[in-house]
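Let's take a walk through a protein model together. Keep the 3D view open and turn it as you read.

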Amino acid sequence: MSQAETFLGYERADGRVGIRNWVAVVSVMENCNSITRAVVRSVLNTVPVATAYVRGQIGQDLEITMSVLAGLATNPNIGGVVIVGLEPVTSEDLARRIRPSGLPVAIVNIQETGGTLEATMLASRQAARMVRAASAMRRKPFPVSHLTVGVECGGSDTTSGLASNPAIGVAADRIVSLGGQVVISETSEFLGAEHVFADRAATPAVRDRFLAEVHGHERRIMDQGVDLRGSNPTRDNIRGGLTTIEEKSLGAMAKAGTTPLVGIVGYGERPSSPGLHFMATPAPAVESLTGLAAGGCQINLFSTGVGNPIGSVISTTIKVTGNRNTAQNFSDNIDCDVSGILEAGERVAAAGARVFDYMLSVASGELTSAEILDARETSISRFGLSM
């Protein structure tokens, strides 16, 4: 195993490896968010996992939300968890889902502690203790097989399908060849070209499930009376030169490289085997990135054409562009410029190798623009109504 195929990470109790070592402060429901954010403002090396709902959610919708919250809290990038809840029953439900990871878990319930100030103080102390313990950990070398990498795009244009997505695809192929996991998401980004991607399925069962996810997603959208031709490509996609949903989908698929599709996972679910997987998520970047982070992705390779600043709170996000103007005018948010593919004759393979090498540097500790600027957000998708 060469040094070029390793990264420096933090080993977790469940055998997975983090590329960051944060303490997560998790809101059990939306009325806890102000305290969660106050704790994060007070304690270094903590990250907020806020939520817009939970209270009043029912059935599958509630189950998915709680599962995703637990997935975010147990992402390998997390070294400890402080749960901020309103009352003990829901808080314990979330804690029960987190404890099997082996992470330290503390619970602070606002009603039991006596309100905002007391809860903030107690949660901050718990978080500070966990940060101190986490800071004693040291990075160690690990092979790429310990990485789960999400591939995402947002603000796509003509350069996305021609440059940045194919470059990410080269990196994705290398990750898979070294035993790692790659997860591509955004169900609607396959519409019109889903049959092309389905032909890469490793088994008929994988192929059938992939097509069922895409066609079911399309049907649910159409049942709402939405004409996909008016909403996808989006307005910024169209300004960037994309003309049809099929053109956008063919370009988006290039992020997944060329390896077989070996698995399908639901929103926020963790892949169980090496190789390329598809996660059924909405197209908006924050919802999709949240699903990928809950599914265990330590890092995301995010292609953008006309520019998209946002990253994930939990899963470190690398912004890649193939647009020269975006690389110059949106430079504060761009981590990797592959515009040389279109502007200077750089080969896609060479640009993809640069993306891969940069990804390993980030996995070993180099900060991305989204981290430095704190351009990070979490939003869990809804799958039903609240009471």
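Two strands pair if DSSP finds at least two bridges between them. Helices (H or I, at least four residues) and strands (E, at least two) are themselves DSSP runs, numbered from the N terminus. Before we use that, a quick word on what you're looking at. This is a predicted model, where local features need pLDDT of at least 70, side-chain atom pairs count only at pLDDT 80 or more, and totals for chains, interfaces and linings use all residues. Residues are numbered from 1 along each chain as its sequence is written, and side-chain values use heavy atoms, with hydrogens and water left out.

Start with strand S12, residues 299–303. What pairs with S12 in the parallel sense? One partner is strand S8 (residues 148–153), joined to S12 over five bridges. Strand S14 (residues 316–321) also pairs with S12 in the parallel sense, again over five bridges.

Now, is S12 buried or exposed? To answer that, we need the cut-offs: buried means under 20% relative accessible area, exposed means over 50%, and partly exposed is in between (1.4 Å probe, protein chains only). Five of the five residues of S12 are buried, so the strand is largely enclosed by the rest of the structure. In a regular strand the side chains alternate between the two faces of the sheet. For S12, both faces are covered: Ile 299, Leu 301 and Ser 303 are buried on one side, and Asn 300 and Phe 302 are buried on the other.

Next, hop to Ser 339, which sits in the loop between strand S15 (336–337) and helix H14 (340–343). Ser 339 counts as buried because its relative accessibility is 7%. What does Ser 339 touch, leaving aside its neighbours within four places in sequence? Taking contact to mean heavy atoms within 4.5 Å, Ser 339 is in contact with Thr 321, Gly 322, Asn 323 and Arg 324.

Let's look at some rings. Rings of Phe, Tyr and Trp (its six-membered ring) pair if their centres lie within 6.5 Å; planes under 30 degrees apart count as stacked, over 60 as edge-to-face, and the rest as tilted. A search of the whole structure finds seven aromatic pairs. One of them joins Phe 190 and Phe 197, a tilted pair at 4.9 Å centre to centre with 50° between the planes. Phe 197 also forms a tilted pair with Phe 210, at 5.3 Å centre to centre and 55° between the planes. Ring pairs link Phe 190, Phe 197, Phe 210 and Phe 278 into a cluster. Phe 190 is buried, with a relative accessible area of 2%, while Phe 197 and Phe 210 are buried too, each at 0%.

Charged side chains come next. A salt bridge is a side-chain nitrogen of Lys or Arg within 4 Å of a carboxyl oxygen of Asp or Glu, and the structure holds 13 salt bridges. In one of them, Glu 11 meets Lys 140, with the closest N and O atoms 2.9 Å apart. Glu 11 lies in strand S1 (residues 6–11) and Lys 140 in strand S7 (residues 140–143), so the pair ties together parts that are 129 residues apart in sequence. Glu 11 is partly exposed, at 39%, and Lys 140 is partly exposed at 39% as well.

The side chains of Arg 97 and Glu 63 meet in a salt bridge (3.0 Å, N to O). Arg 97 is in helix H3 (residues 88–98) and Glu 63 in helix H2 (residues 59–73), so this pair ties together parts that are 34 residues apart in sequence. Arg 97 also meets Asp 93 in a salt bridge (3.2 Å, N to O). Asp 93 and Arg 97 are separated by about one helical turn, because they are four residues apart in helix H3. Salt bridges that share partners join Glu 63, Asp 93, Arg 96 and Arg 97 into one network.
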